[in-house]
Amino acid sequence: MSTQRATGSPAVPLWLGGTAALAMIVHLYLVFVWVPTESSMGIIQRIFYFHVPAAMTAFVACFVGGVASILYLATRNHKWDDLSVASNETVVVFEAINIAMGSIWGRRVWGIWWTWDAKLTSAFVLFFLYVAYLLIRRATPVEVRATVCAVICILGMLDVPLIYLSNRIFRTQHPAPVIGGGPGSGLAPEMLFTLLFGMCAMLLVWGSMVRLRRRVAQLERAAEDLVRRTNEMIDQGI
Amino acid sequence: MENLSWLFYAYGIGIGVLFAYVFQISRREQTLRRRMADLQATVEEHWKK
């Protein structure tokens, strides 16, 4: 990878950054103004429109990061490693949002901040798996870094279906699924639209973040390369 | 009304975390660009000597 390519065009094109920002503003308008208030929980239920898209975005990031890690192991092309670290770092961000907002909702609706049920625990495990990923990535030597990180990514990818299915398989305190949850489940059309719009907005924000983080990864590698070559020149007395 | 405050806290945390992350990444990018420019300047100076 050349330095020119790493430092050239902007990491996030204006159309993407602009669309993501606009979509997020429209989403907030939908959440706070447009969507009707849910009858049993009241206004606090609106946390759902940010909490669920954050979780879905984290799941997408897990899969993209995992697949990119596997592709890096197969091809040894650094572009996949850059994408992998960019995507996996965003898992921590979106899982943190998901857990924090869910906890606030739980405090108001259940009266507790946290409970160790299957859904919450598996989400907590996912968050710490990716925190571990980032710490291990910094601590391990370059030669074994990709292999160790790929193993963690695969564990993370295995945890995603468990989180998604946990309130279908186990009896959990977490609310039953509202989409595809069987008879009696479902959302009013305005609520469903707000939720789906929120997912699209969040994915656009995620796309911008991944592009920006990937650029940083490229720059980090270019800087390491430049330092190495400079040291070699000095050592050779050129 | 109390629930509305909690809703604002929750969204404040959500949006705040997103902004904080983007801000941190942008700063890292700027720091790296500056570091690379300094290194390139050092190499060019070395060549002139």
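Student: In which helix of chain A does Leu162(A) lie?

Tutor: Leu162(A) lies in helix 6 of chain A. Helices are DSSP runs of H or I with at least four residues, strands are E runs of at least two, and both are numbered from the N terminus. This is a predicted model, where local features need pLDDT of at least 70, side-chain atom pairs count only at pLDDT 80 or more, and totals for chains, interfaces and linings use all residues. Residues are numbered from 1 along each chain as its sequence is written, while chains are lettered from A and ligands numbered from 1 in the order in which they are written.

Student: Why is Leu162(A) called partly exposed?

Tutor: Count the C-beta atoms. Leu162(A) has 17 others within 10 Å. Buried takes 20 or more within 10 Å, exposed 12 or fewer, and partly exposed is in between, with C-beta atoms placed from the backbone. So 17 makes Leu162(A) partly exposed.

Student: What makes Val67(A) partly exposed?

Tutor: Val67(A) lies in helix 3 of chain A. Val67(A) has 16 C-beta neighbours inside 10 Å, so it counts as partly exposed. Val67(A) is also 38 Å from Arg108(A), C-alpha to C-alpha, at 41 residues apart in sequence.

Student: How are helix 3 and helix 6 of chain A packed?

Tutor: Helix 3 (residues 48-75) and helix 6 (residues 142-169) of chain A pack at about 145°, axes 9 Å apart. Axes are lines fitted to C-alpha atoms over the stretch in contact, and angles run from 0 to 180 degrees between N-to-C directions. The crossing of helix 3 and helix 6 of chain A is left-handed; that is, the near helix is turned anticlockwise from the far one by less than a right angle, clockwise being right-handed. Their contact has 13 nonpolar, 5 polar and no charged residues.

Student: Which residues of helix 3 of chain A meet helix 6 of chain A?

Tutor: Among them are Phe59(A), Gly66(A) and Leu73(A). Helix 6 of chain A brings residues including Ala146(A), Cys153(A) and Val160(A).

Student: What makes helix 3 of chain A roughly antiparallel to helix 4 of chain A?

Tutor: Their axes cross at roughly 160° and come within 7 Å. Angles over 145 degrees count as roughly antiparallel, under 35 as roughly parallel, 65 to 115 as roughly perpendicular, and the rest as oblique. Therefore helix 3 of chain A is roughly antiparallel to helix 4 of chain A. This crossing is left-handed too.

Student: How do you know the orientation of helix 4 of chain A against helix 1 of chain B?

Tutor: Helix 4 (residues 78-109) of chain A and helix 1 (residues 2-48) of chain B pack at about 170°, axes 10 Å apart. So they are roughly antiparallel. The contact includes Arg108(A) and Trp6(B). Nonpolar means Ala, Val, Leu, Ile, Met, Phe, Trp, Tyr, Cys and Pro; charged means Asp, Glu, Lys and Arg; the others, Gly among them, are polar.

Student: How many residues of chain B are in contact with chain A?

Tutor: 23 residues of chain B are in contact with 29 of chain A, contact meaning backbone-placed C-beta atoms within 7 Å. The chain B side has 16 nonpolar, 3 polar and 4 charged residues.

Student: What else describes chain B?

Tutor: Chain B has 1 helix and 0 strands. Its C-alpha trace spans about 70 × 10 × 5 Å along its principal axes. Of its 49 residues, 12% count as buried. The pLDDT of chain B, the predictor's per-residue confidence from 0 to 100, averages 88. For the complex, the predictor gives an ipTM of 0.88 and a pTM of 0.90.

Key: Two residues are in contact if their C-beta atoms, placed from the backbone, lie within 7 Å.
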